[in-house]
Amino acid sequence: MIKPIEKLEAIVATLRDPEKGCPWDRKQTHASLKRAFLEECYEVLEAIDLENPDHLKEELGDILFHVMFHAQVAHEKEIYDFDAVADSICNKLIARHPHVFEPFPSVDARQNKIQVNSVEDVVENWQALKAKEKADRESALDGVPPALPALLKAHKLQEKASHARFDWSKAEQILDKIQEEIEELRHEINSHEPEKIQEELGDLFFSLVNLSRFLHCDAEATLQAANTKFETRFRLMENRLKQKKGDLKNCSIEEMEQEWQNLKDQDQPHALQVKSEESK
């Protein structure tokens, strides 16, 4: 019986077939699929946040399709195929987990099986192995993909700088830096020079990500949580004021602020569902 992964490989190859394949799929390249691949990654994250197993399974399938598709494109150019992709990650995982795996014959063993006693030991050993693998890199910051979303890229850059021992020693220092950046931004706002304002605002964002990283908070997830909180509270405010005034256009900013504060004081749960006027 054909395995699902083999079935998927055959489907992708058929979609790319020069004669009987799909015109759209035949036209795609590594570059043309970049945006779609990124969107699929975000949909996986959404499914995780929603804690929906069926949705997550579907979105992971979409990611697997993209991996298989890229492998097929490379295979057509006689560069590599899906088996080579899978073999590559197998070798990497084995090599970076010497505390779990004995060196396989197919793996260039960098060291014998070692003992680790904590998660911190695992991370330290992982970084050491990565450093050996990337010994030819010119900078400690090398290896951060340029196309990463800005918050994640800032986190990765700061993380790599930290591994090079360029880091703060306590959170209070970063808070002081944030306050410094706020004052510099305030000064540039008063100067009315857009480029300098943008530069200082960027410095403030970067410092906030630094604080998030230092406090072991994921900046992207933290901001997403704030987005969710704002959206939920705003929809509640909007719904309540519509019941009172019929339309937000009929409400003053003071009324909106008062309703917002009421909701904030009540500390409404983020998952609260709001019925629209149409559903009543």
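**A tour of the salt bridges**

Start by selecting Arg 235, which is partly exposed with a relative accessible area of 46% (buried means under 20% relative accessible area, exposed over 50%, and partly exposed in between, with a 1.4 Å probe and protein chains only). This is a predicted model, where local features need pLDDT of at least 70, side-chain atom pairs count only at pLDDT 80 or more, and totals for chains, interfaces and linings use all residues. Residues are numbered from 1 along each chain as its sequence is written, and side-chain values use heavy atoms, with hydrogens and water left out.

A salt bridge here is a side-chain nitrogen of Lys or Arg within 4 Å of a carboxyl oxygen of Asp or Glu. Both residues sit in helix α10 (residues 219-245), four residues apart, about one turn of the helix. Helices (H or I, at least four residues) are DSSP runs, numbered from the N terminus. Glu 231 is partly exposed too, at 41%.

Next, select Glu 76 and Arg 16, whose closest N and O atoms are 2.6 Å apart in a salt bridge. Glu 76 belongs to helix α4 (residues 53-76) and Arg 16 to the loop between α1 (4-15) and α2 (23-27), so the pair ties together parts that are 60 residues apart in sequence. Arg 16 is buried at 10% relative accessibility, while Glu 76 is partly exposed at 35%.

Move on to Lys 196 and Glu 193, a salt bridge with its closest N and O atoms 3.7 Å apart.

Finally, select Lys 177, Glu 180 and Glu 181, which are linked in a network of salt bridges. The model's count comes to 11 salt bridges.

Note on methods: Helix = DSSP H or I, 4+ residues; strand = E, 2+ residues; numbered from the N terminus.
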